[in-house]
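Hello,

Please look through it first and then read the notes below.

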Amino acid sequence: MADAPSDRWTASSALTRSRLAPNPGPMSLDGTNSYVVAAPGAGSTVVVDPGPLDGEHLAELAAAGRVELILLTHHHPDHTEAAGEFHRMTGAPVRALDAALCLGAPPLADGEVLEAAGARIEVIATPGHTADSVCLHLPDDGDDGSVLTGDTILGRGTTVIAFPDGRLGDYLASLRRLETLGDAAVLPAHGPVLPSVGEIARAYLAHREERLGQVRAALAQLGPDAPIAAVTDAVYTDIDPSVRRAAENSVAAQLDYLRGWA
């Protein structure tokens, strides 16, 4: 890959570099990490989550090398807003789990193995954050490999279940699946790179179990049919108002799980 002059670039792993999009916020943390995947000496790149429609950001991604393929981890606009424009800029096809997001190519399939930019990319469907969430495993990235996790695992904080599109039962199953990847590095769409997806997945599972216990306790006090707002007040006692809606969404997902899944 060509050298990138911007200080928004990070050498995220042996096969990837990431560029931070200029879209910080309560839900996007510092912004969206757009990844460029390419093996050393490769004549092309794969871009994952081109992010918001920002001309400088897209120009920098395009300048990193000839774009062979554009991949999307899920449909949220902080990941996909620029996909159409980036497709027009580069001519590269856009692929995602949801066919509605694809341009010039078929949707991704769970278990599919892509060979692009000199890299092997294994597609892992990981519903939960959203129904169409997907992670991308790079088994040859360093000694233990890496996995681009989108919003399924973040670099810090916890993932929101975008209920009813996302479901907690699906999310727990996806975390257990990611746990099997062991010490693969986590390349998240928000926040810093983390070691060992297996350890992180176990920590996420433990956190979810702790939250479910708190929701059960709230229901025991408030009654089994307690409304979402009341349970949110009981469980999330010190949240910032800017993420209140996200907290209520998570509570809705937990109530759905407790009342229907488990």
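The notes below cover the nonpolar core, the salt bridges and a charged surface patch.

This is a predicted model, in which local features need pLDDT of at least 70 and side-chain atom pairs count only at pLDDT 80 or more, while totals for chains, interfaces and linings use all residues. Residues are numbered from 1 along each chain as its sequence is written, and side-chain values use heavy atoms, with hydrogens and water left out.

Core. A nonpolar core here is a set of buried Ala, Val, Leu, Ile, Met, Phe, Trp, Tyr and Cys residues joined through side-chain atoms within 4.5 Å. Buried means under 20% relative accessible area, exposed over 50%, and partly exposed in between (1.4 Å probe, protein chains only). The largest such core has 31 residues, and Ile153, Leu168, Val197, Tyr204, Val215, Leu219 and Val231 touch the most other members. Two or more residues come from each of H4, helix H5 (197-222), helix H6 (228-235) and helix H7 (244-261). H5 contributes the most, with eight residues. Helices (H or I, at least four residues) and strands (E, at least two) are DSSP runs, numbered from the N terminus.

Salt bridges. The rule asks for a side-chain nitrogen of Lys or Arg within 4 Å of a carboxyl oxygen of Asp or Glu, and it gives 11 salt bridges. One of them pairs aspartate 140 with arginine 120 (2.8 Å, N to O). Aspartate 140 sits in the loop between strand E9 (134-138) and strand E10 (146-150) and arginine 120 in strand E8 (residues 119-125), so this pair ties together parts 20 residues apart in sequence. Another joins glutamate 179 to arginine 202 (3.3 Å, N to O); glutamate 179 is in helix H4 and arginine 202 in helix H5, 23 residues apart. Arginine 244 and aspartate 233 also meet (2.7 Å, N to O), linking helix H7 to helix H6 across 11 residues. Arginine 244 is partly exposed at 23% relative accessibility, as is aspartate 233 at 46%. Through shared partners, Arg120, Glu122 and Asp140 form one network.

Surface patch. Asp143, Asp144, Asp183 and Glu199 form a negative patch. Patches are made of residues with over 30% relative accessible area and no salt bridge, with like charges joined within 9 Å and nonpolar side chains (Val, Leu, Ile, Met, Phe, Trp, Tyr) within 5 Å. Aspartate 183 lies in the loop between helix H4 (168-179) and strand E11 (185-188), and is partly exposed at 47%.

Regards

How values were computed
Areas by Shrake-Rupley, 256 points an atom, 1.4 Å probe, with all protein chains shown as cover. Lys, Arg positive; Asp, Glu negative; His and termini not counted. Charge placed at Lys NZ, Arg CZ, Asp CG, Glu CD.
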